[in-house]
Structure formats: structure tokens, C-alpha cells
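Please read the following alongside the sequence and the coordinates, which are shown next.

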Amino acid sequence: MVSCEPPSTTKLVTMDVESVLHMKEGLGEASYAQNCSLQKRSMDAMKHVIVESAVDAYASEMPESFTFVDLGCSSGSNALPLIGDIIEAIHVMARRSAKPAPEFMVFLNDLPSNDFNSMFLGLPFFTKKFKEGIELHGDMAPSVYFAATPGSFYGRLFSRDSLSFIYSCYSLHWLSQVPPGLVDINGRPINKGKMYISNTSPPAVALAYFEQFQKEFSLFLKSRSEELHLGGRMVVAMLGRTTDDHSDKSARVLWEVLDQSFAIMISQEMIDEEKVDTYNVPFYAPSAREIEDEVHREGSFTIDYIQTYELSISTGDPLKDARITSMAIRAIQESMISHHFGKAIIDTLFHVYGGLLSQLMLKEEIKSSHLLIVLRKTH
């Protein structure tokens, strides 16, 4: 037995996502900082839209101070380079318009459990490199100020009308809680052996996740509309679905490999089946139509751009791809799995997961679906 955890009842245990969910902290081999290359690849494919939207937001006001926020900055190495690209693009536009470059106020937001220290450890190097790049062209580097804002983005984070631009990369598919409708009238789990929507899940499972998404995305939009200037822009990049089917393969495939990993460990008596049945992820991959419906219903924003992308996880080396993907999923999921099952199972679980993923990726190309949305505050 790997786990020494006591057996649990079959009733679901509520997870306090805000205090539990965070990417694997630190700079070690299993940390998110060392295992965020998949996110970087996705962000690089969409970066130009984020930067152009920030420039549009600046151009609509030409303010002396430009304030923007990265919602869900995490603790990896992806956030600061994108911030640098945004500032540099706005700086160039200001100079071309014969205007002094604005000062920049940059807020970095994530849940309180996020490893902000790892992020800020990279700030001196980033600042030095950024200034050298600007000054190389004979310009004076603009003043840039940073601050951390811990807290859930499913609620207000900033004062009214204080932001010019908002963006969120690969955070908004996380819900603030596991949906409450995943149990029957006796409080027993209805999605046994599955941690997310699968093609064998009862219809009530997809409905519970969808209703939780509706509630939380609406709250997200309302909160941001109160913080953003009229005419300000907001960009959201997140995992999504290419179809209206809630069990869309691209949205569930990596979760199902994790389900299979747990099933193997149950069969080897390494973990308790009832414990697995009560583990569900606070995650939802919406379709473009679901996003459009909620934006229309909330009423504060106009969608300037929305697009669904399919990006391949595969690079042509299945074994390497499986290792990279397995380590990335571990860096993302470890905090929640450890909270529910205990830390003792982690190494074995992801050894099994990596093996299953290798087998799958030798057989087929794995794709993930992504949504990119550009919103403008109009009311």
C-alpha cells in the first residue's frame, strides 16, 4: 500500500479550491516553473492577439498611465515575457504618435496559495533585460511598476474604473469550486471512477458543470466590467471545446488517462476506490457558443473576436511528448490530488500516468482545444 490515508465515506468532500489549487511551487524538477512549456507553446500562438488588443486599449485613451492585469499569472516563466511584449508595443506606438510613453502599472493576480515569490525572483533580470532592449534603440525605458493582487477573479479585485486592459491566459477554465450537483439525493457520487465529464457520465454531470460555469463566468464578467474603463479591452485564452458535445474528446482525453491511472492503482490496492469516486476536478471547457451566450446575457461587453483553435500536443517524438505532458499535468494537479489522497501516491500515480500516456501517444496524435476571446467594454 502506497497510501496510509484512512478509508473515506462515499459522500463527496468539499474542496476549498481557493486555498488548495495552485501550480507546483518552487523551481525544482516537478515545479510548474520547469514544466510550463505546453502553456508557452499555446500562448505563443495567440500572443499577437493579446498584444494588439493591449495596443488598441491604449490607443483608445492615450493615457499618461496605463494600468493592466494578468489574471491567473501562476508561478512559471511565461508571464513576464508577455508583459514585456505588451509594454514594448505600447511604447513604440506612443513614440510614433510623438507622445511621451506612458507609465505602466502591472498587477499580477492569482489565488493566495500561488507561489508569487518565484515570479518576483525573476523580476530584476526581466527589468534589466527589458530596459537594455529599449535603450539599445536610443529610447528611454518607461517607468514600470509591479504589484501582486492575490485573490479569486470570481469577484472584485480592483477599484472601480481603474484598469485599461485585462488578460487571462489558461486560468478561466478553472472553476472556484467543484459543482454541487455531482451527488444523488443520498449524497453519493454519480460520476464514479471519473473526475470530469466523460462519454459515459450521466447527463446530470454535464449539466452540473455547465450550470457552475454559467454562474461563475457571469460573475467574472460583472466583476471585470466594474473594474475596466469604458472602451477597455479584455482578452481571455482558455481551454475549450470545438463542439457542443460536453464530452468532446479533446476536452476529456487527458482526464481520462488520469482516470485509468487511478483505476490501475485501485486494482493494485494502492488507493481506495471510494476515495477515487469522490475526487472531481473544478474544471470546465466551454464552447464558443456558451461563451457568446453568457457575454450577451451579462451585457457589459461586446465580443470583438472569438475563435476556437485545435493545437497538437504532439511534436513527433511520442515518448518525449508523453513525459512533457505528464510533468505538466503533475505540476497543475499535484496540489489538489495531494489534498484529497495524500502526498504518498503522487510519484507512483504519475509514473503510471506517464506510461499510459506514452502508449496513447504512440498510437495517435493528441490535440487540445483552445478558445481565444477579445472583449470590449461597451456599457
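Rings of Phe, Tyr and Trp (for Trp, its six-membered ring) are taken as a pair if their centres lie within 6.5 Å, and a pair counts as stacked with planes under 30 degrees apart, as edge-to-face over 60 and as tilted for the rest; by this rule there are 24 aromatic pairs. One of them joins Phe126 and Phe130, whose ring centres are 6.0 Å apart and whose planes meet at 15 degrees, so this pair is stacked. The model is a predicted one, in which local features need pLDDT of at least 70 and side-chain atom pairs count only at pLDDT 80 or more, whereas totals for chains, interfaces and linings use all residues. Residues are numbered from 1 along each chain as its sequence is written, and side-chain values use heavy atoms, with hydrogens and water left out.

Phe126 and Phe130 both belong to helix H5 (residues 123-135), where they sit four residues apart, about one turn of the helix; helices here are DSSP runs of H or I with at least four residues, numbered from the N terminus. An α-helix has 3.6 residues a turn, so residues three or four places apart point the same way. Both side chains are also buried (under 20% relative accessible area, against over 50% for exposed and in between for partly exposed, with a 1.4 Å probe and protein chains only), with Phe126 at 12% and Phe130 at 11%.

A second stacked pair is formed by Phe213 and Phe217, since their ring centres are 5.4 Å apart and their planes are at 20 degrees. These two residues lie four residues apart in helix H6 (residues 203-227), about one helical turn, and both are buried. They also take part in a cluster in which ring pairs link Phe153, Tyr154, Phe210, Phe213, Phe217, Phe220 and Tyr284.

As for confidence, the mean pLDDT (the predictor's confidence in each residue, from 0 to 100) of the protein is 87, and 89% of its residues reach 70 or more. Confidence is lowest in helix H1 (residues 17-20), at a mean of 59, and highest in helix H9 (residues 288-298), at 98.

After H7 comes Glu269, whose phi is positive, near 60 degrees.
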